[in-house]
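Here is a short briefing to read alongside the model. Have a look at the sheet and at the charged pairs as you go.

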Amino acid sequence: MLDKICTNIEIRSPSDVMRLERLGATFPTRLSFTRRLIRLMHRESWKINCKKFDLNDDGFGVALYEVVTSKRIYTLICFSHYLSPELRTDRVIANHWDATFVLFDGIPNQTDIERLSKNVPKQEAGRFQKTELVISRANKSVRLFAEVIKSLSKGNQPDINMVNSVGYLMRTTAVYANGKFGLCDRLHYTDRSELSHPFQVEMLIVYLIRLFTFDLVDHIAYQIDKKNSVNLNRDIKRHLGIGNATGLGMAPFLISHPVLIHNWFYAREVSLQKIRSINEVGINKLNHFIGVSKKAIQHAKEWLVSDEFQTKRNLILIKEMYKVLDLAENKNFRYKNKPWNYLFSKASSDFGLECQELLLSLLLEPYPEIIDEISEALEDRTEEFLDVNMTIGQLKEIIDENYKWALDIDFNDPKQNYHFWYYSKEKLEPRRGIRGQDLGSEKEMRITIAKDVNLLRKVLNDVKDDLSIANFVMVNSNFRDIACRVQIGSKYHFSEIRDNIISNSCKPVDILRGKLAFFGASKFDPKSDLWTRITMYQGAPLNDEILSSDVDDWCFPIKPQ
Amino acid sequence: MIVSLNEIQNLIYRSGLAVKLPAGVAKENSFVAVRMFREGFGSLNVFVKAFNSLRKTLSVNFDVVKASEGNFVPMINKRRLSSLLVSSSVCDLLTLFEENDKKKIIVKKIDEPLILFFHILQLSKKLNRDFKVSFFLQNNETNFLISTYEGIYYLKENLFEEIDADKITIENFTKQNLSSDFNGLNKGNIDFFLEDEVWLYFSKFSDSLLVEDSIKSRIHNAGSGLNDND
């Protein structure tokens with residue numbers, strides 16, 4: 001865990017930060033995992049090259065991309081398939097995809113590739129070994145892929161507005177790692193500096209898939225017209241990321257990994273606290289902030305979504321960000337005491353959540369010397385166990401202090417006990433049902449923290465304060481798990497989403513945005529309360545740009561001119 | 001089949017929930033299953049036996065009154081003590097011991113002693129403390145296993161195959177007292193092999209927690225409609 005720092009600016013309270021509404025306004029920051037990975041690639045001079053591109057004229061076949069890090073080699077194996085239109089669905093329920101991928105630990109031999117060619121296309125139905133780190137699959141964007149090829153094959157670049165409105169050539173629908181389907185367990189690579197950071201192996205495969213999509217369109221366009229076709233322009237490539245459709249599958253993760261989640265949010269809040277504590281702002285730092293803020297405003301203008309609610313929020317965000325910019329550009333701004341704190345306090349009191357959270361992200365940008373070190377300490381290396389020496393009196397105190405938000409919920413109110421979360425038999429993925437209407441509530445997932453704490457506290461009313469937890473759980477073993485959870489919450493204050501995730505007002509898409517922003521996702525495009533489209537790596541450097549000096553200057557990408 | 005540790009953990013955790021183990025107890029048993037594999041015990045057969053015993057009520061929970069005095073016995077006479085249910089509580093009481101405590105915990109008629117032993121091994125790591133586990137066998141022979149932060153020490157190599165003790169005692173131990181007759185157990189291969197029938201046995205429990213999809217749930221419970229091509 002990060003060391004606490006002494007400063008007169010207080011860290012934001014978990015009661016404010018860990019609310020669903022605020023999670024649903026999160027933006028990526030310098031701490032985000034994609035940003036950190038690109039910085040690592042640059043720092044260690046990684047080399048990423050296509051080693052094999054055995055695709056037919058239509059773009060179907062096998063391609064290999066080799067990643068040479070300072071210590072090891074990894075290989076992306078891509079299987080590009082024909083997908084008939086009736087089988088095309090981008091949902092997680094699909095069984096066939098345009099392309100399937102595996103990230104191999106080392107250099108695969110022919111036997112490996114043959115074995116994987118039989119398993120990777122099956123995804124969840126395949127079996128894998130510890131040499132395989134991640135599997136994924138992606139579909140071509142129906143809106144953009146064919147249009148780009150059509151333009152390139154005729155010697156033209158695609159319409160940039162169309163490119164911007166979609167943002168990607170392919171969209172992944174799942175990325176699996178950490179032992180799923182026999183894949184390598186995370187614990188086998190946590191001692192590797194390049195993969196120890198959270199979700200780095202998943203972020204790496206997504207980055208490599210993005211490179212494949214560029215080579216794929218160039219290849220198909222060339223095969224259509226070898227004489228007149230052109231490659232996709234470098235600036236347009238940079239403006240294209242990888243799409244992703246994320247639904248409920250990701251939501252319970254934030255609840256079932258409390259220490260990890262604490263580390264992420266605590267790191268972000270400490271970062272903000274440090275920046276707000278800066279007494280004087282130099283002109284270069286101010287100019288950096290103003291520059292990136294202008295870019296962010298333009299980015300928000302180019303952030304096109306069909307969701308009416310998000311569209312309204314974006315319009316308000318742009319309006320408020322102009323006001324933030326006015327404040328920062330005022331000639332007296334730099335001479336205020338703790339200017340960044342002034343700015344953030346003003347935004348917190350006068351502006352909406354989207355603006356506050358975007359401002360947080362922008363404030364971290366000019367300070368790599370402070371933030372990037374913090375971004376290196378986000379993994380969870382602890383093992384938390386129930387402290388059975390604690391007394392019931394102490395446990396009661398912790399609950400009353402840290403879980404008031406849970407105790408205030410009346411679970412006898414049907415609205416507060418409305419949903420249940422379960423695993424679907426078909427896809428082994430989390431789903432959400434309505435209690436009393438949908439089947440399966442008796443198989444509810446064990447993620448109802450607020451409800452369980454509520455019940456525990458009621459039971460503890462009748463238990464003597466001096467009893468040890470060991471003796472309590474000996475008789476009440478059903479509370480063993482939640483008692484441990486409460487203890488974790490007392491040590492890791494940002495470990496809980498402080499809202500009721502089974503109420504009728506809970507929007508899982510808020511949980512998703514909170515997590516995806518830490519990944520580095522942008523252009524959130526909510527399609528319902530349950531799922532969202534996003535773009536990853538939009539604006540990120542290409543593989544042959546990793547060594548350039550401005551490698552980290554890709555946040556809030558805007559359309560190339 | 002080759003499996004990952006994550007799969008083993010999920011399989012035992014979800015199977016535990018399926019047979020109504022409390023969530024915390026199911027979770028700790030799943031960590032123990034992983035620990036067994038990491039220590040080279042490439043089998044979950046003891047868990048199969050323990051699950052069978054519990055489901056058929058051949059094994060039951062412990063007598064709480066006696067347990068609070070450090071004496072774990074089955075709550076019903078002529079039944080075995082469920083290792084799945086008792087092990088966490090045994091470890092809780094061991095945690096309450098001071099390091100120089102001379103007290104012993106007694107566990108009688110446990111169904112699968114090895115499961116309890118691996119719980120204690122987990123505890124050794126957690127507390128950075130050593131414990132001596134004595135197994136009193138039916139032929140009046142006694143064997144010992146030493147559980148330490150670093151791993152397992154044993155006197156008799158094939159002990160693990162024949163642990164079937166009517167009585168087990170657990171007490172504090174200082175590794176400095178370890179005689180040269182004891183050997184450290186080597187950790188096994190990094191490949192984790194699970195017999196197909198064991199995988200299927202637990203998958204059946206684990207899958208019983210899954211909810212059948214319906215047309216309605218396919219459309220509404222995961223996100224939007226059936227097709228969202230873009």
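In chain A, 9 strands make up an open sheet of mixed pairing, in the order β1-β2-β3-β4-β5-β6-β7-β11-β10. Strands here are DSSP runs of E of at least two residues, helices are runs of H or I of at least four, and both are numbered from the N terminus; two strands pair if DSSP finds at least two bridges between them. This is a predicted model, in which local features need pLDDT of at least 70 and side-chain atom pairs count only at pLDDT 80 or more, while totals for chains, interfaces and linings use all residues. Residues are numbered from 1 along each chain as its sequence is written, chains are lettered from A and ligands numbered from 1 in the order in which they are written, and side-chain values use heavy atoms, leaving out hydrogens and water.

- β1(A) runs antiparallel to strand β2 (residues 61-68) of chain A, and 8 bridges join them; Ile48(A) has Val67(A) in β2(A) as its bridge partner.
- Helix α21 (residues 508-519) of chain A lies across β7 (241-246), β10 and β11 (532-536), at about 5 degrees to β11(A) (contact means heavy atoms within 4.5 Å).

**Salt bridges**

- The whole structure holds 47 salt bridges over all chains (a side-chain nitrogen of Lys or Arg within 4 Å of a carboxyl oxygen of Asp or Glu).
- Glu357(A) and Arg12(A) form one of 3.0 Å, N to O. Glu357(A) sits in helix α14 (residues 353-364) and Arg12(A) in the segment before α1 (14-17), so the pair ties together parts 345 residues apart in sequence.
- Arg39(A) and Asp372(A) meet at 3.6 Å, N to O, linking helix α3 (residues 33-43) to helix α15 (residues 368-374), 333 residues apart.
- Arg39(A) is buried at 9% relative accessibility, and Asp372(A) is buried at 15%.

Note on methods. Buried means under 20% relative accessible area, exposed over 50%, partly exposed in between (1.4 Å probe, protein chains only). Axes are lines fitted to C-alpha atoms, for helices over the stretch in contact, and angles run from 0 to 180 degrees between N-to-C directions.
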